[in-house]
Structures are given as structure tokens and as C-alpha cells.
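Please read them with the structure open.

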Amino acid sequence: MKVLSARKRPPGSIWAVAAPVLAAVVLAFTWGRSVPPVAVALMTLALAAAVLAAVHHAEVIAHRVGEPFGSLILAVAVTIIEVGLIVMLMAGGGEQSATLARDTVFAAAMITLNGIVGISLLVASLRHRTAIFNSEGTGAALATVATLATLSLVLPNFTSSAPGPEFSGAQLVFAAVAALVLYCLYVATQTRRHRDYFLPVAREGGVLTEEDHADVPSTRTALISVGLLALALIGVVGLAKGVSPAIESGVAAAGMPHAVVGVVIALLVLLPETIAAVHAARRDRVQTSLNLAIGSAMASIGLTIPAVAVASIWLHGPLVLGLAPTHMVLLALTVLVGTLTIVPGRATPLQAGLHLAILAAYLELSVIP
């Protein structure tokens with residue numbers, strides 16, 4: 001019997017179906033409970049399996065619908081579940097809830113714009129000498145992220161209607177509406193009016209409309225993968241929250257700030273997008289990698305700010321959105337370096353190293369403020 005390659009393996013193969021179901025079962029039995037170390041280890045294994053399954057099903061869907069819809073589906077799916085987790089944690093109250101949305105959104109932005117972008121460019125440039133992408137679409141995406149981040153996370157430090165780095169009610173409504181409108185405008189540009197700006201670029205010129213020569217999955221297979229992707233992502237986010245007490249204990253024992261917990265959880269939640277982006281970079285589809293990375297940063301801001309604005313109607317306590325001065329410097333540096341990386345439409349390991357250095361600085365300053 002002929003053994004199928006990983007690329008042609010049926011989307012409904014046993015491991016791809018079993019992993020999301022296993023993650024959901026483990027999550028159901030451990031949610032809201034204090035679990036022993038053995039259970040934490042099981043949750044970690046289920047989390048890893050759910051991450052791999054999420055990437056698998058995202059690639060099946062992407063192959064069915066084509067780019068840039070495939071990367072958009074994964075980015076939005078992860079972000080919607082992540083937003084639900086943020087609002088749920090904020091509803092739980094506590095000291096950390098005031099800055100939870102800000103810290104989570106900024107961590108996601110730094111990890112995607114520097115971590116995923118840097119790793120993808122490094123993999124592609126080492127494997128194919130240079131990383132090739134469409135500067136028009138990628139530049140538009142980065143400009144949207146820069147605008148969203150400035151309106152939502154920088155301006156609160158300079159307003160005077162509310163005490164501290166907070167928006168007044170009217171200002172928060174404006175920021176939420178602006179974030180949602182800009183995100184929807186970007187999605188319309190990416191998927192309809194200028195879709196070709198976000199398609200992978202061929203080295204000899206032009207765009208690539210075919211991902212590979214494998215058979216396109218059927219509609220039924222793609223719909224099954226949509227359901228399993230949602231189940232896997234729920235497992236990823238839920239189990240990441242479930243292991244957070246163990247992470248908190250480890251962080252406290254190491255004497256590190258509590259904000260490090262948010263960084264670790266963000267790293268876990270963004271694992272599916274990271275692996276999918278690296279897979280695309282290895283196939284010389286760097287544009288797909290950048291769509292995932294920058295699109296995730298954009299979705300994180302564009303969907304989280306409106307969600308927390310609505311949630312603030314019934315949630316009590318302050319909502320701190322303004323970044324600390326150190327983080328504003330890192331954000332400005334990220335936008336500047338990102339712009340210089342994108343303009344030429346090609347990148348070398350040097351540009352990859354710059355982004356990874358900024359991420360390393362962010363992680364180091366999170367541990368040692």
C-alpha cells in the first residue's frame with residue numbers, strides 16, 4: 001500500500017481528529033479546578049497536540065479557499081477566542097484586570113510583528129537566500145497596525161479627560177469604533193479590492209495563485225476542518241489558561257514580574273500561527289507568513305479594543321490602555337524597522353535578526369523591567 005506524504009495525508013486522519021477532541025475532553029475535566037502536577041503535564045501534552053492539529057486544519061482550509069483567506073481565517077479564529085478569554089478574565093476581577101487587555105494586546109503585537117516575522121524571514125532567507133514578498137500589501141498591513149496601536153495604546157498617555165493612562169467614555173467609544181472600522185476596511189482590501197497585493201510572490205515576478213499541486217480538499221472536508229480548527233483553538237486557549245497557575249507559581253518562585261505570565265500565555269496561544277507561518281516560509285510563501293503575523297497583530301488590536309469597550313459597560317474598575325514609556329519606545333522601533341524591512345520587498349537574515357533582537361529586548365525587559 002502506498003504511504004501518503006504529510007502534504008497529501010487526508011485532513012480527517014486519526015491524529016488530526018483525535019487531538020482537538022482530546023484537548024476538549026481534558027479542558028472539560030480540568031476547567032476551573034486545582035489540578036496536581038501530573039494533570040498539568042497531561043494538559044501540556046494535550047495543548048501541544050491541539051496546536052499541531054490547529055495548524056494542520058488551518059492549512060487544509062487555506063488550501064481549499066486559497067490565499068489570503070486561509071491566513072485570515074486562522075488569525076481571526078485565534079483572536080476571537082483570545083478576546084473571549086481576555087473578557088472572561090477581566091470579569092473575574094482582581095488587581096491585574098485593569099491592565100490585562102493592554103498587556104495581552106501589546107504582547108501579541110510584539111510576538112507577531114517581531115517574533116513570527118523574524119523567524120519567517122530567517123527561515124526563508126536561509127533556505128532560499130532571500131525572502132520575497134509583496135511590499136504593497138505588507139506595507140498597507142503594517143500601516144494599519146501602527147495606526148491602530150497608536151490610537152488605542154499610545155494616545156491614552158496624552159489625554160487629560162480621565163486620570164492616568166485611560167480613555168474617557170467618549171474617547172473609548174471613538175477608539176473602539178475606529179479600530180473596528182479600520183480592521184474591516186483592511187479585510188475588505190485584503191480579500192476583495194486588492195487581493196493580489198496579499199498573494200505569495202514568485203521569484204521570477206508575478207503572484208502565485210496555486211499553493212501546490214496537491215488535490216484541493218472537498219467542501220465537506222474543509223467544513224470538517226473548520227469545526228475541528230475551532231475545537232482545537234478553544235483547547236489551545238483554554239488549556240493555556242489552565243496551565244497558567246503553574247506558570248504563575250514558577251514566575252513567582254523565580255522572582256519575575258507578574259506581567260511575564262501574560263507573555264508566556266501569549267506565546268502559547270500564538271503557537272499555531274507561528275508554526276503555520278514557518279511552514280509557509282519553508283515553502284517560499286513568505287507573503288502568507290507575513291499575512292499571518294501582521295494580520296494577527298491587527299486582529300488582536302482591532303477586535304480586542306471594541307470587545308473590552310463593550311465589556312466595560314458592566315465591568316467595574318479602571319481600564320488602563322496606555323503603554324509604559326519603555327513599551328512605546330519598543331513599539332516605535334518595531335514600526336520603524338518593520339517599514340525599512342518591507343519597503344524593498346525582499347529581506348535577508350540581517351532584517352530577520354533585527355526583528356528577533358527587538359523581541360529579545362521586549363522579553364528581557366519583561367523579566368527585568
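**Notes on the predicted model**

1. V55 is buried, with a relative accessible area of 2%. This is a predicted model, so the comments below concern predicted coordinates. V55 belongs to helix α2, which covers residues 37-65. Setting aside neighbours within four places in sequence, V55 is in contact with P272, I275, A276 and H279.

2. Now the overall make-up. The protein chain comes to 13 helices and two strands. It has 369 residues, and 51% of them count as buried. Take the contacts between residues at least 6 apart in sequence: 83% of them join residues at least 24 apart. The accessible surface is about 16600 Å². Carbon and sulfur atoms account for 69% of that surface.

3. How far does the confidence go? The chain averages a pLDDT of 82, and 89% of the residues score at least 70. Confidence is highest in helix α12 (residues 325-342), at a mean of 96. It is lowest in helix α3 (residues 69-91), at 71. Over residues 1-11 the pLDDT is below 50. That stretch still has 14 contacts in the model beyond near neighbours in sequence. Where pLDDT is low, the predicted coordinates should not be read in detail.

4. Which residue supplies the backbone oxygen that the side chain of R102 reaches? That residue is G322, and the distance is 2.9 Å. R102 sits in helix α4. It counts as buried because its relative accessibility is 16%, and the cut-off is under 20%. Not counting residues up to four places away in sequence, R102 touches L153, V320, L321, G322 and L323.

5. Next, the aromatic pairs. The count comes to two. One is F106 with Y362, an edge-to-face pair. The ring centres are 5.5 Å apart, and the planes make an angle of 80°. F106 lies in helix α4 (residues 97-128) and Y362 in helix α13 (residues 349-367), so this pair ties together parts that are 256 residues apart in sequence. Both F106 and Y362 are buried.

6. The other pair is Y186 with F198. Their planes stand at 90° and their centres are 5.6 Å apart, so this pair is edge-to-face. Y186 lies in helix α6 (residues 169-193), while F198 is in the loop between α6 and α7 (219-242), so the parts tied together are twelve residues apart in sequence. Y186 and F198 are both buried.

7. N291 is in helix α11 (residues 286-311). N291 counts as buried because its relative accessibility is 5%.

8. The side chain of S366 reaches the backbone oxygen of Y362 at 2.8 Å. S366 is found in helix α13. At 10% relative accessibility, S366 counts as buried. Leaving aside neighbours within four places in sequence, S366 is in contact with P257, V260 and V263.

9. Last, helix α8. Where do its buried residues point? In α8 (residues 244-253), S244, I247 and V251 are buried. Seen down the helix axis, the buried residues fall within an arc of 55°, so they line one face of α8. These buried residues pack against α7 and α9 (259-269). The face turned away from the buried side carries A252 and A253, which are exposed. Just after α8, G255 takes a positive phi of about 75°.

Definitions and conventions: Residues are numbered from 1 along each chain as its sequence is written. Side-chain values use heavy atoms; hydrogens and water are left out. Rings of Phe, Tyr and Trp (its six-membered ring) pair if their centres lie within 6.5 Å; planes under 30 degrees apart count as stacked, over 60 as edge-to-face and the rest as tilted. Helices (H or I, at least four residues) and strands (E, at least two) are DSSP runs, numbered from the N terminus. Buried means under 20% relative accessible area, exposed over 50%, partly exposed in between (1.4 Å probe, protein chains only). pLDDT is the predictor's confidence in each residue, from 0 to 100. Contact means heavy atoms within 4.5 Å. The arc is that of the directions from the helix axis to the C-beta atoms. Accessible areas come from the Shrake-Rupley method with a 1.4 Å probe; for residues, only the protein chains shown count as cover. A polar contact is a pair of N or O atoms within 3.5 Å; within protein, one must be able to donate a hydrogen and the other to accept it, and residues adjacent in sequence count only if both atoms are side-chain atoms.
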